[in-house]
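Thanks for coming. I will go through one structure today, and I will keep to what can be read off the coordinates.

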Amino acid sequence: LEYLSRGELPERCIALYKSFDGGYTWEKTSIIPRPSWLTGNEFLDEPHIMELPDGRLLGSFRIENRQPTFSIAIAVSEDGGKTWTEPICTDVSGSPPHLMIHSSGAIICSYGRRQPPFGERAMVSYDFGKSWSEEYVLYECPSGDLGYPSTVELDDGSLMTVYYQKYTGDKKCSILYTKWRLNGR
């Protein structure tokens, strides 16, 4: 990683920076490797990273210019973000990803689906991001102008996902939310 020591970044890369003084200064820690399976104009962007209970980092990324639609890639760091596994494509139709951990231990990744059927979705992993066994349809809509969901857990264990999209019958986008629960939780 010679370019890191010189302060250079490859074009269209995702770099991890850390702050040790409350955000006043930042130090470049690593670069997420460009997956060997990306083709042509495809690249990773709009990352979201979370720390797992065992201290590993789970990264999720929008795959830009993926055909026929956006998708999500996942990578893991076992050393605090210094190095990363090669990102793996989930083949999920949607982006960008937002990660959170539920009090049950489930990892939830919310995202917008911008091809029919359009809408907001969430996928759930019970093995810290190795596989995604459940998909929830949070809200369907008639157009693909939607997305950027973010999910939080409420005091009663239910979930609230906030996103933008057109409400049925509206001409302009709104900020909407869906309150939901994991199956059996």
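Before anything else, one cut-off: buried means under 20% relative accessible area, exposed means over 50%, and partly exposed is what falls in between. Also, please keep in mind that this is a predicted model.

I start with the charged side chains. Take E64: its relative accessibility is 15%, and because buried means under 20%, E64 counts as buried. E64 forms a salt bridge with R62, and the closest N and O atoms are 3.0 Å apart. R62 is buried as well, because its relative accessibility is 5%.

R62 has a further partner. The side chains of R62 and E46 meet in a salt bridge, at 2.8 Å from N to O. E46 lies in strand 3, residues 43-51, while R62 is in strand 4, so this pair ties together parts that are 16 residues apart in sequence. E46 has a relative accessible area of 27%, so it is partly exposed. Taken together, E46, R62 and E64 are linked in a network of salt bridges.

How many salt bridges are there by this rule? The count comes to 5.

D156 lies in the loop between strand 11 and strand 12 (159-166), and R181 lies in the segment after strand 13 (173-180), so the pair ties together parts that are 25 residues apart in sequence. D156 counts as partly exposed, because its relative accessibility is 43%. R181, at 39% relative accessibility, also counts as partly exposed.

S30 is found in strand 2, residues 27-32. Is S30 buried or exposed? S30 counts as buried, because its relative accessibility is 0%. A polar atom of its side chain lies 2.4 Å from the backbone oxygen of G81.

W26 lies in the loop between strand 1 (14-18) and strand 2. W26 has a relative accessible area of 54%, so it is exposed. Together with L9 and Y17, W26 forms a nonpolar patch on the surface. The accessible area of the three residues together is about 330 Å².

On to empty space. In general, rolling a probe the size of a water molecule over the atoms shows where empty space is left. Here, the largest pocket has a volume of about 170 Å³. Which residues line the largest pocket? They are R56, I74, A75, V76, T85, I88, T90, F128, G129, K130, S131 and W132. Strand 5, residues 71-77, gives the largest share of that lining, with 3 residues.

L57 is found in strand 4, residues 57-64, and L57 is buried because its relative accessible area is 13%. L57 and W180 are 123 residues apart in sequence, and their C-alpha atoms are 26 Å apart in space.

Last, the backbone, starting with peptide bonds. The bond from S95 to P96 is cis, with omega near -15°. P96 lies in strand 7, residues 95-101. The bond from P116 to P117 is cis too, with omega near -10°. P117 sits in the loop between strand 8 (107-113) and strand 9 (119-125).

Then there are positive phi values. R12 is not a glycine, and yet its phi is positive, at about 55°. R12 is found in the loop between helix 1 (2-5) and strand 1. R12 counts as partly exposed, because its relative accessibility is 46%.

Y148 is not a glycine either, and its phi is positive, at about 55°. Where does Y148 lie? Y148 is in strand 11, residues 146-153. At 42% relative accessibility, Y148 counts as partly exposed.

Technical notes
Residues numbered from 1 in each chain as written. Predicted model: local features only at pLDDT ≥ 70, side-chain atom pairs only at ≥ 80, totals over all residues. Heavy atoms only, no water. Helix = DSSP H or I, 4+ residues; strand = E, 2+ residues; numbered from the N terminus. Buried < 20%, exposed > 50% of the residue type's maximum accessible area, 1.4 Å probe, protein only. Polar contact = N/O pair within 3.5 Å; in protein donor to acceptor, adjacent residues only side chain to side chain. Patch = residues over 30% accessible without salt bridge, like charges linked within 9 Å, V, L, I, M, F, W, Y side chains within 5 Å. Areas by Shrake-Rupley, 256 points an atom, 1.4 Å probe, with all protein chains shown as cover. Salt bridge = Lys/Arg side-chain N within 4 Å of Asp/Glu carboxyl O. 1 Å grid on protein atoms, 1.4 Å probe; cavity = no way out; pocket = protein on both sides within 12 Å on 5 of 7 lines; lining within 4 Å. Points joined across faces, edges and corners; volume = space filled by probe spheres on them.
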